[in-house]
Amino acid sequence: AVPRCSRAPVATAEISLAALGVLCVCRGNICRSPVAARLLVQALGPSVVVSSAGTHALFGASIAAPMVPLLTAASAEPGGFRARQLVPALARGADLVLGLTRDHRADTVEVWPALVRRSFTLKELARLLRSVDPGQLPAEADPGERLRAAIPLAAARRGQMVPASEDDIADPYGQPEPVYTAAFREIADAVHQIAAVVAHPVRR
């Protein structure tokens, strides 16, 4: 069986068999991508199955210590995590890839080229979704199905909008704590923007 994105252990709700699989990718898989994954789980719930991996993962490592209190303060679970390497099976099992930089997105597409129209940077997807009319998404669907419907709409806008040089989130690894805090805030802001579109159906 092809491995699917594994959800962080933060809720006991049963996961739908049709849940959208999201893979967050950064370099070491201990700072940016696990934070993005845990915040997405917290924001979107059990209809989205989120995991993370690294292009040069510090295999088996926990989430970087400076990120732990930031996740806790955001009501997201920091525990039960071990870093893992991006491999073709993980990429193949994803419905959506969110790189933390453009290089991470490119590296994932290189691993599994079929993902090219289903891969974005986290900030790129947030930016593109701001131009999507929520009325184009299924009103009564759960966040996972709304996000699934939003992916091709966002991909279509990629050619219509000027790419933003700010789509990358810098690696805080080994930097002072304020750098971790700044990266966390960028990630949290992008997750909030995505959730604002897909987690709040428009009533018709």
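View 1. Helix H7, formed by residues 177-198, has 22 residues and spans 31 Å from its first C-alpha to its last, close to the 32 Å expected at 1.5 Å a residue (1.5 Å times one less than the number of residues; helices are DSSP runs of H or I with at least four residues, numbered from the N terminus). The model is predicted: local features need pLDDT of at least 70 and side-chain atom pairs pLDDT 80 or more, whereas totals for chains, interfaces and linings use all residues. Residues are numbered from 1 along each chain as its sequence is written, and side-chain values use heavy atoms, without hydrogens and water. Among the buried residues of H7 are Tyr 180, Phe 184, Ile 187 and Val 191 (buried, under 20% relative accessible area; exposed, over 50%; partly exposed, in between; 1.4 Å probe, protein chains only). The face turned away from the buried side carries the exposed residues Pro 178, Arg 185 and His 192.

**View 2. Salt bridge between Asp 171 and Arg 32.** The two side chains meet at 3.5 Å, N to O (a salt bridge is a side-chain nitrogen of Lys or Arg within 4 Å of a carboxyl oxygen of Asp or Glu). Asp 171 lies in the loop between H6 and H7 and Arg 32 in helix H1, 139 residues apart. Asp 171 is partly exposed at 33% relative accessibility, and Arg 32 is buried at 3%.

**View 3. Salt bridge between Asp 167 and Arg 127.** The closest N and O atoms of this pair are 2.6 Å apart. Asp 167 is buried, with a relative accessible area of 5%, and Arg 127 is buried at 12%.

Conventions: Helix = DSSP H or I, 4+ residues; strand = E, 2+ residues; numbered from the N terminus.
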